[in-house]
Amino acid sequence: MPTESAGAALLSAAGLSLERGGRELFRDLSFAVQPGQLVQIEGPNGAGKTSLLRILAGLSRYGFGGSVQRHAPQLYLGHHAAVKALLTPRENLAWHVAGECAHSDLEIESALERVGLYGYEDVPSMTLSAGQHRRVNLARLYLSSSPLWLLDEPFTAIDKSGVAELEQLLVSHVEGGGAIVMTSHQPLQVAYRVEYLSLRAGLAA
Amino acid sequence: MSRQRRAPGTGSFCLTLLRRQLILAARRPIEIGNPLLFFAMVVALFPLGLGPAPDKLADFAPGILWIIALLSSLLTSDTVFRSDFEDGSLEQLLLAPQPLYMSVLAYIAAHWLITGLLLALVSPLFALMIKLPEQAIGVLVGGLLLGTAVLSLVGGIGAALTVGLKRGGMLISLLILPFYMPVLIFGSAAVQNAIAGYPAAPYLAILGAMLCLAIALAPLAIAAGLRISVDA
C-alpha cells in the first residue's frame, strides 16, 4: 500500500502490550490506521481482540503498556447493544448517550429502514429480539459521521442478508475516507482490500 | 469525511441526557413510587415502636424524618448507573466527546428530581403523621431540598464505584453512609432549631455550602469511579 504520512493517521498505537492473568496476549504492537483502511483483527477466542479494541477506543486506560493516539472522532460498538428496553428504537437513536451529532427524524427513520426495522420505529425495544437490538445498534453506523469506526463482532446475531448489507456499508465507509478496525470470526466477503492485524505479528495486508 | 458534522454542545447533550433519564424513570413509575412508599412505611413503624404518645413522637420527629430520607435516598442510589452499565450504554457515555463531568451531573440531577425533590415535596404529609410542629415544616422541606441533593451527589460516588460489582448494595451503604452524617447532623439541627423558635437559616446555609462543595467535587469522583468500573 502507498505509505501515507503519519500525520494523516486516524489512529496510531505504539508499543502496545497486554498481560492478562499472567499470560502475555500481545507485545510491542505498533501500527497506524490511515483513512481508507479496513482492518480486521485476527486471532482465536481469548487472543485479546476485544481487549485491544477497548484499549484503542480508550475504555481501558490502565494495565497495558504502550500508548494510543486518536486523531479523529470515533464510533465504538462493543458486545453490548446499548439499547434501552424502555425506549423505542427511534428514541434510542435520537437520545443516544454517545453524543454524536444530532439526527433528524427522517435520518433516523431511513437508518432504521436500512437495518430492516421499518415499522418498528415506535414500538418499545423490549418487544424486539436480541438480533433486532443489535440492528438498532447497527443503525448508528448509518447515522454516524465519525471517520473512525471500532467494531467488536458487528455480525453477531445478524442474519445472512443483514451481514451482506453491513459489508456494503463498511466498504462505502472506507471508500468515503473513513477507517475501520474490527473483529469478526467470519471472513469478510467484500470487494475491498482487507488488512489483517495479527496480535502476534502486527499489521499486514 | 464530507458528511462529518459537529457533535452537539455540552449543554444540549446534558439536556438530552436529563430528558432521557426522566423518561426512562417515567416509563417505570414503580421505581419513583418505591422510595416514597418506603418513607411512608417506615414513618408508620415509629409510632408502633416508640408508642403513640404524640408529644414523645414530636420530640423525635426531626431525627426520624431525616434518617428515613437518608435511607430512602441510599436505597435508590445503587440504581443510578446500574442499568446503563449492564446494557453497555455506560461505555458509550464514557466515549462521548462531551465532558463526562457535565454528563454525570445530568444523571445525578435526574436522580435527584425523581427521588429527593419528590421526597421533600411530600415530606410535610409525613411530618404531620408524626406530629412535627407546624412552624418547622417549612424548614424541613427547605432542608430536605438542599440535603437530598447532597445525598444524591454523594450516593452517585458510591454507585459509580460499585456499579461493576454484582451485589454492590451492602458495600455502597458502608462506603457512603459516613459521608451522609454531616447532612443528617445539620439537617435535623435546622428542624430542631425551628421547633425551638431559633433561626434555622445558619444550618440551611451550611447545607447549601455542602451542596456547592458536592456539586463541584462529586462529579469528578463519580467520573473517575465510572472509568475505573468500566475499565475493570
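**Figure 1. Pairing of strands β1 and β2 in chain A of the predicted model.** Strand β1 (residues 11-20) of chain A pairs with β2(A) in the antiparallel sense over 7 bridges. Two strands are said to pair if DSSP finds at least two bridges between them. Strands (E, at least two residues) and helices (H or I, at least four residues) are DSSP runs, numbered from the N terminus. A:Leu11 stands opposite A:Val33 in β2(A), and A:Arg20 has A:Arg23 of β2(A) as its bridge partner. The hairpin of β1(A) and β2(A) has 2 residues between the strands, and A:Gly21 takes a positive phi near 60° there. This is a predicted model, in which local features need pLDDT of at least 70 and side-chain atom pairs count only at pLDDT 80 or more, while totals for chains, interfaces and linings use all residues. Residues are numbered from 1 along each chain as its sequence is written, and chains are lettered from A and ligands numbered from 1 in the order in which they are written.

**Figure 2. The open sheet of chain A.** The sheet has 3 strands in the order β2-β1-β4 (chain A), with antiparallel pairing. Its edge strands, each pairing on one side only, are β2 (23-33) and β4 (64-70) of chain A. Between β1(A) and β4(A), which run antiparallel, there are 6 bridges. A:Leu18 stands opposite A:Phe64 in β4(A). In a regular strand the side chains alternate between the two faces of the sheet.

**Figure 3. The domains of chain A.** Chain A is divided into domain 1 (6-72 + 147-204) and domain 2 (89-135), with bounds that come from an automatic or database domain assignment. The contact takes 5 residues from domain 1 of chain A and 5 residues from domain 2 of chain A; two residues are in contact if their C-beta atoms, placed from the backbone, lie within 7 Å. Taken over C-alpha atoms, the centres of the two domains of chain A are 25 Å apart.

**Figure 4. Helix α3 of chain B.** Helix α3 (residues 54-77) of chain B has 24 residues and should span 34 Å at 1.5 Å a residue, which agrees with the 33 Å between its end C-alpha atoms. The expected span is 1.5 Å times one less than the number of residues. α3(B) bends by about 55° at B:Phe60, and the proline B:Pro62 follows within four residues. The bend at a residue is the angle between axes fitted to the seven residues ending there and the seven starting there.
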